[in-house]
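Me: I would like to learn how to read a sheet in a protein model, beginning with a pair of residues. Could you take me through it step by step?

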Amino acid sequence: MSGYPIVLDIKGRTALIIGGGQVAFRKMENLVRGEARVTVISPNLHPSFKGYLERGEMTWIKRDYEEGDEETAFIVIAATDDKALNAIIAKRVSDHQLLNVVSQPSLGNFSSPALVTRGKLTIAIATEGASPLLTKRIKQELEERFEPEFDKYVDFLGQCRALIKNDQLKEQEKHLLLSALLEPIYHSEGEQKKVLDDYEGFKANYL
């Protein structure tokens with residue numbers, strides 16, 4: 001499936017997942033991360049769902065899918081192990097809804113790329129179905145390249161951008177400072193603290 005990659009704001013939107021296996025769980029995780037209101041319909045759930053249920057981060061309807069379940073959802077994900085049922089669900093979803101059919105992406109209108117997330121940083125990997133193994137390998141390489149602690153560096157860049165944006169500087173000077181912050185030395189929390197504690201000193205080093 002070729003397409004147009006976007007970052008979609010789903011906060012507060014209704015998301016319906018039909019199916020309760022491991023694939024459904026992975027889909028649910030990303031929807032919860034996006035702060036969607038997630039409902040899962042399935043007679044059974046994979047044990048991985050337990051923590052999300054206990055924290056009230058999703059709703060579970062313990063039964064099989066019924067016609068009409070999909071009508072009010074903004075996002076519908078058909079993730080059962082029954083391809084025929086997934087195809088039926090796909091036919092019932094409106095053109096104005098977002099639909100992902102896990103086993104047959106061509107029946108839906110969007111697919112979910114593999115994601116590497118580090119706080120505010122999101123990296124998406126997709127090969128349009130050409131090689132799921134390549135997608136997996138690239139994801140592993142990126143997870144090694146950007147360790148979990150990288151989210152702190154991304155937050156630091158956001159703080160600095162706010163300082164620089166509000167400073168009375170020429171655009172060229174702002175660009176110079178923002179570029180300087182991309183140097184590997186600022187991956188260090190100690191160096192980050194120095195910049196935030198002495199912003200004027202940081203500016204003096206580069207301007």
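Reply: Strands here are DSSP runs of E with at least two residues, helices are runs of H or I with at least four residues, and both are numbered from the N terminus. This is a predicted model, in which local features need pLDDT of at least 70 and side-chain atom pairs count only at pLDDT 80 or more, while totals for chains, interfaces and linings use all residues. Residues are numbered from 1 along each chain as its sequence is written, and side-chain values use heavy atoms, with hydrogens and water left out.

Me: In which sense do β4 and β5 pair, and over how many bridges?

Reply: Strands of a sheet pair through backbone hydrogen bonds, either parallel or antiparallel. Two strands count as paired if DSSP finds at least two bridges between them; β4 and β5 (residues 98–101) pair in the parallel sense over four bridges. Within this pairing, Val76 stands opposite Leu99 of β5. From β4 the chain passes through helix α3 (residues 83–92) to β5, a β-α-β crossover that is right-handed, meaning that, with the strands pointing away from the viewer, the path from the first strand over the helix to the second runs clockwise.

Me: Which strand joins β4 by four bridges and runs parallel to β4?

Reply: That is β1 (residues 14–18), which is joined to β4 by four bridges, and there Leu16 has Val76 as its bridge partner.

Me: In what order do the five strands lie in the open sheet?

Reply: The order is β3-β2-β1-β4-β5, with parallel pairing. The edge strands, β3 (59–61) and β5, each pair on one side only.

Me: Are the residues on the two faces of β4 buried or exposed?

Reply: In a regular strand the side chains alternate between the two faces of the sheet. In β4 (residues 75–78), Ile75 and Ile77 lie on one side and Val76 and Ala78 on the other, and all are buried; buried means under 20% relative accessible area, exposed over 50%, and partly exposed in between, with a 1.4 Å probe and protein chains only.

Me: How exposed is Leu207, and which residues does Leu207 touch?

Reply: Leu207 counts as partly exposed because its relative accessibility is 44%. Leaving aside residues up to four places away in sequence, Leu207 touches Leu169, Glu173, Leu176 and Leu177, where contact means heavy atoms within 4.5 Å.
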